[in-house]
Amino acid sequence: MFPAFDGNDFVYLNSGGSGPPSHETISAMRAADDLFFGSIYREGIGLFVRQAEANARAREAAARLVGAESNDVALTQNTTHGMNLGYYAIDWKPGDAVVSTTTEHPGCLVPIHALKRRFGVETTLVAPPVTPEKIAAALTPRTRLISLSHVDWTTGEVLPLTEICTLARERGVLTLVDGAQSVGNIPVNIPATGADMYAFTGHKWVLGPEGIGAFHVRPGLPAHSPNVGYASVSEATPFDINGDYDLRPDARRFEASTVSPTLAAGFAAAADAAHERGEEGFAEIRRRADLLMDLISELPRITIRSPRPAQSGLVSFEIEGVVAKKAVERLLEQRFVVRFIPDPNPYVRISTHLFNTEEELEALARAVAEL
Ligand SMILES: Cc1ncc(COP(=O)(O)O)c(C=O)c1O
């Protein structure tokens, strides 16, 4: 089902880093390549019509996967791109503040640091466990944004997003969510969370190609797009060189220009497949994580850092006396592809996707026992 695994006995357990595309997804990309690098050049402006169709299919598939309407998502390059769009949708003033958490990925934190350097934006980081009460306590009258993950990349914990978005709305604070580890891993219905802006990618749990993701913007959100071009212009008002036209009112005002139709086709195919796997697929991902935690929790020297029962397909642990980076290197020598989380949370992290079998997880536990 996956070219990455054809003809080798590697055990791939890092879909949270990058998920391998299936043969079907790759076929969809090859078909797009054949068309868009070939006969399309004989179709005149048909080229642009077909590009628009490919983008529309990607938006539709991505939106369906997260319970949203297709025009409420903009195509992006990845999660971090979406996070940047969200941060720069706000007209920051010195002394404005952001609340985030201590375990966020650099994709969430580096843009905050840039806002601090450039605009003097203050940051308060809440330490886990992240609760609505702790977030509420961190808010000040100057807080304009809460930015945090839906699923913590260091442990796989699902944050209480709906409660946090509700309290943010009550306090007049915007929310920006890093969905890198959530979409394709756990059931996600973005409108139901109440998040104002939500960024995710196609290349991790969705098992799509690298280089394409999506950014959901709550309908009616009064936020400026920092990324505009021909794709942002409303279909209702023609472009005018003096600027006498409207931008699209929906999330697509955050899309500026040309998108790779090959990536769009791969993203659409992968998001469709993830949608078809449905609730049952998400339950199976968690079941695998639980199985792995059951297996390794019996081993001496192991401290599991993920919540039990599993909340997602991420399982993190520490091995007494073995540095996480070293453990990952030694596991790779035995053909287990896993990753480590850097300091200050130096854990071995396993991603248990649907293609990972019980036998693979049992073999991994045996290998971990020998480290
Ligand atoms: C929580 C989190 N945010 C952001 C990223 C970066 O994702 P992307 O490559 O889609 O920007 C990752 C993964 O690498 C992540 O785990």
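Into which domains is the protein divided? In this predicted model, domain 1 is made up of residues 3-21 together with residues 278-369, whereas domain 2 covers residues 26-272. The centres of domain 1 and domain 2, taken over C-alpha atoms, are separated by 28 Å. To the contact between them, domain 1 contributes 24 residues and domain 2 contributes 23 residues. On the side of domain 1 that touches domain 2, the elements giving two or more residues are helix α8 and strand β10 (314-319). The residues of this side of domain 1 comprise eleven nonpolar, eleven polar and two charged.

Helix α8 (residues 261-297) also packs with helix α1 (residues 23-36). The angle between α1 and α8 is about 155 degrees, and their axes lie 8 Å apart. Angles over 145 degrees count as roughly antiparallel, and α1 and α8 are therefore roughly antiparallel to each other. The crossing in which α1 passes α8 is right-handed.

The contact between the two helices is formed on the α1 side by E24, T25, A28, M29, A31, A32, D33 and F36. These residues meet P261, T262, A265, G266, A269, A270 and A273 of α8. By residue class, the contact of α1 with α8 consists of ten nonpolar, three polar and two charged residues.

Conventions
Residues are numbered from 1 along each chain as its sequence is written. This is a predicted model: local features need pLDDT of at least 70, side-chain atom pairs count only at pLDDT 80 or more; totals for chains, interfaces and linings use all residues. Axes are lines fitted to C-alpha atoms, for helices over the stretch in contact, and angles run from 0 to 180 degrees between N-to-C directions. Helices (H or I, at least four residues) and strands (E, at least two) are DSSP runs, numbered from the N terminus. Angles under 35 degrees count as roughly parallel, over 145 as roughly antiparallel, 65 to 115 as roughly perpendicular and the rest as oblique. A crossing is left-handed if the near helix is turned anticlockwise from the far one by less than a right angle, and right-handed if clockwise. Two residues are in contact if their C-beta atoms, placed from the backbone, lie within 7 Å. Ala, Val, Leu, Ile, Met, Phe, Trp, Tyr, Cys and Pro count as nonpolar, Asp, Glu, Lys and Arg as charged, and the others, Gly among them, as polar. Domain bounds come from an automatic or database domain assignment.
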